[in-house]
Each structure stands twice: as C-alpha cells, then as structure tokens.
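Please look over the sequence and the structure below. A short report follows, arranged by topic.

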Amino acid sequence: MEKLIARALEGDHRSIARLISLVESESPQAEIIMRKIYPHSGKAHIIGLTGSPGAGKSTLADKIIAHFKSLGKTVGVIAVDPSSPFTGGAILGDRLRMQQHAVDPDVFIRSMGTRGSLGGLSRSTQEAALILDACGKDVVLIETVGVGQSEVDIVKIADTVGLILVPGMGDDIQIMKAGIMEIADIFIVNKADRDGADRVATEVNMMLDLLGMRPWRPPVLKTIAERNEGVEEVVSEMTRHADFLRRSEEGRRRRWQRLGMEVEEILRREIAAMVEVAWEKEKSPELFELLAARKTTPYEVAERILGTILTETCD
Amino acid sequence: MSERKVRVIVAKPGLDGHDRGAKVVARALRDAGMEVIYTGLRQTPEQIVQTAIQEDADAIGISILSGAHEYYFGRIIELLKERKASDILVFGGGVIPEDDVPKLKAMGAGAIFGPGTPTSVCIDWLNSAVREKWARETA
Amino acid sequence: MSESKAGEAAGNRAAYEKTVEKFLQKAPERKAAFRTGGGLPLKRLYTPEDLEGMDYERDLGYPGMYPYTRGVQPTMYRGRFWTMRQYAGFATAEESNARYRYLLSQGTTGLSVAFDLPTQIGYDSDHPMAQGEVGKVGVAIDSLADMETLFDGIPLDKVSTSMTINAPASVLLALYIAVGEKQGVPMEKLSGTIQNDILKEYIARGTYIFPPKPSMRLITDIFEFCSAHVPQWNTISISGYHIREAGSTAVQEVAFTLADGIAYVEAAVRKGQDPNVFGKRLSFFFNAHNDFLEEVAKFRAARRLWAKIMKERFGVTDKGAQMLRFHTQTAGSTLTAQQPENNIVRVAVQTLAAVLGGTQSLHTNSYDEALALPTEKSVGIALKTQQIVAYESGVTETVDPLAGSYVVESLTNEIERQAAEYIAKIDGMGGMLSAIEKGYVQQQIQDAAYATQKAIESGEQIVVGVNKFQVEEDASERALLKVDESVGAAQVKKLQAMKASRDNLKVQECLSEIRSAAKDEGTNLMPKILEAVKAYVTEGEICGVLREEFGEYRENIVL
Ligand SMILES: Nc1nc2c(ncn2[C@@H]2O[C@H](COP(=O)(O)OP(=O)(O)OP(=O)(O)O)[C@@H](O)[C@H]2O)c(=O)[nH]1
Ligand SMILES: [Mg+2]
C-alpha cells in the first residue's frame, strides 16, 4: 500500500487508477489512503461542469483539456454517469469524446458510475478528485449530469462550477429558478451555432441582475464546443475565478465552508458506522416483539443504543 | 457499502464501423451489473491500453469484423506487457475464423467469442475470469 | 354481394371461428402470439375483411405507374431480369481486377466495388491509422494509378459499376471518371452508382469523416455536378441495408431510409436544385431478411410511400423522380458461422423475397461470409442462387405475383403506416439530422438489436444450428480465404513510388485549389477534385485538406 501511494504521488497513472478504485469500492484501505493522500492535496483547481444530458459537457471538457494543456497544465478528469438502479451496472460513455487525450501522459481521465448514491455525486467522486489533486494534476475537471441532487453536490467539491445551457430548451431557465442560479460561477451557453443562444444569454444575465450585487458576478459565455469556439474564453474565466477565490474574502468563506463540510461528512459517516454496529448488536426477535406489543418504543430503544455508544466511546 | 465492480472497456479498434455487436455486449454487461467504459469507434491500440490503465479496468473487450484481428490483438497485448499491465484480461469477438483462435489465445487473449455466442457465455466467462484476477491481486 | 350471400359469409366465418376454438382445445398453437421477424403481429388468418377500404386503383395501381406499389417497370422481369451485382474486392487492385473479370465471365451484369477501410475513411495506405487494415475488407485505392489497374481491360462504357463509398464519394467518382477518360469513355456515357449516403454512416455503419453540414454539401455538389455532366449516374444509394444490419426492424428500415432520403432532397432543394431532375438519380438500397412475407411487403410499402413523399411533399411530377428504384443485398446478419452451408438456403429464401418485392439489382451473400472473406466457390454459389430464381423458379414470369394476397397487402399497409408515423415523428424533431444528433434513431435501432439478441438467447427466436438443431462441427475442414499480410507493405511501396514520380508542384496547386473551394460554399468541389485526381493527387491528400477545413465527426453514442 505504501508503495502504491508513493508511486501514485509521483504521478504514475496505473497507481492513481488503482487508488481511485480502492476508494471507490469503499475498501477497508480507503481511509488509510485518504489520510495519506490528503496532506498532498489542496493545490489543484477543481472545476465542475454540469448541465442537462446532451448539453455538450464532454465535448466541451475535451476542448477545455486541450486549452489547459496548451497553458502547460496537467489535467485530471472525472466523468460521472448514472448507474442503473436495478442492476448497479453502468455504461460510461463520456470519455468517448475525450479520447484524443487518452495517450497524453499529462492527462488522466476516469469514468465513474454513481453506484449507490441516488443520482448524485458520490463521496468517492470527491475522494477521486482529491487523489488527482494530490497526485499532481493542476486542474481537475468533474463532469456530472445536472439532474436532481448532483448540481447541488458539485459545489461541495468544486472550486469553480460551470453550468452548461443550450438554446431551445425552455425548461433550463426553469431549473435555474429552482436553485442553480446561485451555485454556478460561470454560465456557458453551448451550441451557439443554433438559434436562440443570444436569448438564453440575455435571460441568464437578467436573472443575475435580479440576484443583485455579489462579490463574483458570473460571466455568461457562448461556445460552440464542437468547433472549439469560445472555449479559450471559458478557460480564462475559469482561471480568473480561481484567482478570485484565492484572493477574496468570498474565496476564504467557501474554502472554510468546504472544509467544514468535509469534517461533518466524516463525522456523520463514522457515527453512522457506530450506530450500525450498535444496532446490529441490539437487534433481536424479543426486542421486535416488545416493540410490536408496544411494551417499549423506538424512542427508548434509540436512547438506550445511543447511551451504549457514548459510554463505549468514552472508555 | 459499495462493493468492487467488474469494470470492462468495450472498444472498436481500427477503422471498422460495425458496432452492433459491441453495443449489444456493452448493454448486456451493464445489465449483468458491470461497469462498461465504452470508447466507441476508431480506437488505436495505444488509446485502448491507456484507457484500460486509467480506468483500472479488469478487462478489455474488443470487437473486430474487418479481418485485422491478429494485428490488433497482438498490438494491444504487447502494449499491456510494456506497461506492466498484463493482468488486464483481453477478450474479443466479431468475424474471427476459428482457425485463428488458437493463435490469438497463444498471444494472450483470454477468450474469443465467435458469431452467435450468447452474451450470457461472455458474462459468465468474465465473471469467473475477473474473480480469479482479483484473487491473484490479493494473494 | 347480395344480402343472403353476405349472411352466408358471416355464418361461415362464425362457424370457422367455432371450429378453431374447438380445435385449439385439442391442439393448441405453437405460440401464444405470432409475429413477423420485424415484430409486427400476425393474425391466424387474413381475409378480404382485412383489406376493407383498400382501393385497387389508388393503392396498388399498375406496374410502372403511380404509386408504383406493383413495381417501377410496366413489364418487370418479363422484359429484363434484375442486375445481378456481386459486391467484391479485396487486397490489391490487381487481385480485385482478376475477381471482376471472373465474375463478368460468369454472367455478372454489374460490378460492385468493395473498398478497404482506409479508402472508405479517406486515409492513404501509408497513414498510421491504416495499419493492419490495408486491403482487408476491400481493395485499397490511393490514387488514379490504383484505379487504372482496378478497371484494366474492363470497358467502362459496357459495365455499370456500383461503388460502396460514402464520405469520400466525390474522390472515388472523380477517379472513375478519370479512368473512363483514359479509356476514351466520356463521362456522359458512364453508368453506375456511388453509395454517397452519409446519414446512414452516422446512424449505423460508422465510416464517416466530416461533420453533417459539410458532408451534406459534398453530396449536393455531386448531385449538381452529375445532373449536368454524368446524367446516367446514380448519385446516391440511400441505404436501409446497414440500418437493418445494425439491428433495426423492417419498419424502421423503411422509415429511417426514407427519412434520410427526405433530408437529401431537402438539402438539394434548398440549394435551388430541381427534384424533378436530381430525383431521377436517387436510388435506394435495402436488406432482404428472413421473414419472407414481411420482406416482400416491405419493398412494396417503401415504393408506395416514397412515391407519395415525392409527389405530395416535394411536388414532383416527373415519373422517374417518383419511383423508388432499389438495390438489394441479402442479410449478412442472418448468416451463421455454425453449419455455414445452411446459409445457402437462407440466401435463397431472401433472394426470392427481393425478387417478389421487385428489386432492380441484387447481391447475394456467400455462405461463408460470417467467417471471413468469401472464396471464389462460395461467390459462385451465391450468384447461381440468383440465376436459379431468375431462370427456374417461375416467379419472374408475371408481374408482382403476390399482389392481392390478403396477408401481403395487409402487411404492406401496416409497414407503410408505421413508417409514415416514424417519419412524422422525425419531422417533429426537426428532421433527420437533429434526430441523429439527439441519438433518437440510433437508440431505436439499438433497442431493437438488443431485443433480438435477448429473444435468441431465451430461445423465443430460433436460429437453426445456433440455438436449436446444433451439431458438432470440425472447423478445420473449411477452406477460407485470407488476405496476405504483406499486402499492406506492398501497397505502401507502390504509393511511395507513385508519389516520387508525379509532378508534385501540380499536386500542391490542386490541393490549394481544393482548400479554397472548400472555404466557399458557393463553389462546387467536384471539378476541383476531378482536376486533382487526374494529377495523381491521392485520396488521402484530398481528404486531408478537407479534414482540415471541415473538421471531423465524432460519433454520438446513446446506449
Ligand atoms: N450543434 C452543436 N452540437 C454540439 C456542440 N457541442 C456538442 N454538440 C453535440 O451535442 C451532442 C452531445 O454532446 P456531449 O458532449 O456528449 O454532451 P454531454 O452533455 O456530455 O452529454 P451526456 O454526458 O450524455 O449528458 C453531440 O452530438 C455533440 O456533437 C455545439 O457546440 N454545437
Ligand atoms: Mg457527457
């Protein structure tokens, strides 16, 4: 394990890939890995790309990689696709559009299924991002489909969130009303070769006006990802946003908030694990009989289990 | 708790565009609970091997109908060796004459599924071959 | 029908139903529900009732007359048989040339050229992506030098040649014209077909190069050029064949092919071309699959639906431009590697369906194609199959013999109805291009393909020798043809020698002409490409410049 981690930190792709798998499958070594990796992280610019299915996220990611590369940066990509809730299987097809970078030693692309976590970003996505960060990628791009929970989850992971919209999808604006407005740092109107791109851009700008003055006014950019048009601008705005975060009070607030969430997340997980163990121990047919006969209540049972956990951990 | 999942690259090496088989297999593997990384058409052996490494794939499945199977199997297996990734299984299907199968296996191909093979055969083979691979890793 | 007669009929029908009911109790049917290979429900019995509302004059009419349900020529095969056209080509131009001469000597009446994949994707034989692929699935053509060899001793004014070439169709057509010129045959006299159907490449076959927009421009440039200079050339072969091979149903094959056709017509009309003129040179290409009745109905339905589309949607009045003329190939996907000789029988049934469906030309597959490239013997049997149907079966002696069959007419109606529904849906999405971009068409086909696979694995669908009636076989006894691995190296050497001996200044000139024409949508690229190939500019060089100008298509997978 030590050797594997050391090799990964040197940037060896095979080792990085293996670490991500171990963390992803929640193997017993996952925690050891993350403890070792964490101190090396915190250097990369983590960028989330989200938007409705087919908006052009992968196509854009492909071009963004190329631009960062031309700036001399190394790039890690995590492309998340939904797993089937029935079989747990998945077809992960995002990297198809990025395959020109497959053989580039400075680019590492990893596809992930959402597995258990309901349509959203799994914990392992964040851990994978940390691994890529620690292992020397200057930029980490995370592609997720913007449905349900994930676009809210992405803020917890990414420094910069790019939301991709396309003309001719009236409901996009609707979704935004429901809350994405606040989380996006950059709005990208892709497929600008189609009619209506200007209208979408104007609408977004109007909405941003309604939100009033904020320390970072998200830019609204138009791209034709397929033809690599407007992508340079996207990349420079992303970099500008990273600078902003580094220098501003807002940046510090977000960093602290994220760190707080990381601690909370671990706490919650640890406690959940303890609860599970204690509850397993307590479970018995007799207990269920008592509950069913209303001789005791779930509240009392829970209180008792919590009591045991507390005394045990205090010892 | 999430368990370890079988991860498989499904790729079409070379210029052949007939991907019905590759897509049917990709779907069948997904429905069998595996994670399939689908790279699509016109992949070079280098791309396929790097993809398998970055994705930490257990196996690479390639579909070839153009008759160029000897070249592609040979090259992919050779590259895996160079990258010290020979533990990644290689299997395939398509229009591959039975006469050629022993040669491909001698090169290091794990299994060749000829035309008309049920996807369940492929799934069963993968499940057991990958479990053996995992056993070797922990050993 | 008099009232008493009608009453009697109703009585008979009721009696029959009763008998069936009783009969079923003793002898139940083999399945709970019967369906065609393409998934259409099939009733136990079809009667005149099923054709109620059908109007003979309107819906069937006469052969050679609108809506062409019964065929595009007034006398059909009583005049002339279909063109027996065997797709062939492999390795080098020399070897393919020999195979063509053999086929011509055996009574083939049209050539059909198969190109290797690098040629189909616009790479010369020395391109890194071409490694391992040169000469594998067809002949390698890099420049005019190869094309001259390919048609050496074959008079281009005497044969019609079909070329399965799509993304770089303009280049191959130009090469053919250039060879004709060298033989002293002016382009006005050339006849043949280029496949030139890029949409189905995006949908099903995968040998695309450029994105949709410039691809459509290349196609309409060809339409325009040929309308003026190569009037007997079929400028496109709108292909359902590969859509079906990719796993579609019969209905989808018709629907998506005709929807592709609509997209091409619209593109050309937008450029100001007259569908009455270029419409005459549109040809189609369908698959002949196993389900005999459904296939016959499919061809008839496609013909009727296309005629209506051309007349009603595009206002076409020219009869030639209303007719759907088509080539057929028997279904490669139905061939089994197990007990390959059984394939001869499958091909025979499929041949019969194509002929009863009124095809204009036909390729019959060789029985060993599920294993490798066909041998001379297997190609011979495939061709004989056509000849037997033509000369011995008798089905050619009267026009459209299955017309009026209750089931065939019902299926014809049903396929047309469902295909029209699909087309309306695609129209609703903004046409075929956006339906492809959305992945809708690909998804529909993949769903059907997956369903077929599952049906075979569950044993619901029987494939003789594969999931039923299997036998132990000794594969080593099979004589299979293999392409020599040295072909690639030899071809590269030839190419390099040619490059060294040509006027390379002229080559650069031609390429920059092509580049500036590519930038200007108003210029027709065909004359520039023709000029270039005559100067021995290679296919890869031409496509390379176009790649730089147009960009490359990336597939849109939806799984
Ligand atoms: N017209 C146009 N099409 C584009 C553009 N960018 C991407 N596309 C096309 O949009 C389709 C979807 O692109 P992807 O990059 O796969 O989109 P995605 O958002 O990653 O899709 P999912 O991962 O499936 O949600 C493809 O057919 C692209 O070629 C663009 O700028 N203009
Ligand atoms: Mg994507």
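## Terms and basis

A contact here means heavy atoms within 4.5 Å. The model is predicted: local features need pLDDT of at least 70, side-chain atom pairs count only at pLDDT 80 or more, and totals for chains, interfaces and linings use all residues. Residues are numbered from 1 along each chain as its sequence is written, chains are lettered from A and ligands numbered from 1 in the order in which they are written, and side-chain values use heavy atoms, with hydrogens and water left out.

## Chain A

Among contacts in chain A between residues at least 6 apart in sequence, 74% link residues at least 24 apart. Chain A has twelve helices and eight strands. Both are DSSP runs, numbered from the N terminus: helices are H or I with at least four residues, strands are E with at least two. The C-alpha atoms of chain A fill a box of roughly 70 × 50 × 45 Å along the principal axes.

Of the 315 residues in chain A, 53% are buried. Buried means under 20% relative accessible area, exposed means over 50%, and partly exposed lies in between (1.4 Å probe, protein chains only).

## The magnesium site

Three residues of chain A supply protein donors to the magnesium ion (ligand 2): S58(A) through OG, D94(A) through OD and E143(A) through OE. D94(A) sits in the loop between β3 (90–92) and β4 (107–113) of chain A, and E143(A) in strand β5 (residues 139–145), so the pair ties together parts that are 49 residues apart in sequence. Donors are N, O and S atoms within 2.8 Å of the metal (3.2 Å for Na, K and Ca); water is not among the atoms, so sites may look incomplete.

The spacing of the donor residues is S-x35-D-x48-E. D94(A) and E143(A) are both buried.

## Chain C

Chain C holds 22 helices and nine strands. Its radius of gyration is 25 Å, close to the 24 Å that the globule rule gives for 559 residues, so chain C is as compact as a globular protein of that length. The radius is taken over C-alpha atoms, and the rule is 2.2 Å times the number of residues to the power 0.38.

Buried residues are 58% of the 559 in chain C. Of the contacts in chain C with a separation of 6 or more, 78% involve residues 24 or more positions apart. The accessible surface of chain C is about 22,300 Å², with 54% belonging to carbon and sulfur atoms.

## Local details

H18(B) lies in the loop between β1 (7–13) and α1 (20–31) of chain B. H18(B) is partly exposed, at 40% relative accessible area. Leaving out residues up to four places away in sequence, H18(B) touches K12(B), S63(B), L65(B) and R205(C).

In chain C, a cis peptide bond joins Y66(C) and P67(C), with omega about 0 degrees. P67(C) is in the loop between α2 (56–60) and β1 (83–88).

Phi of N196(C) is positive, near 55 degrees, in a residue other than glycine. N196(C) counts as buried at 2% relative accessibility. R294(A) also has a positive phi, near 60 degrees. R294(A) is exposed, with a relative accessible area of 68%.

How values were computed. Areas by Shrake-Rupley, 256 points an atom, 1.4 Å probe, with all protein chains shown as cover.
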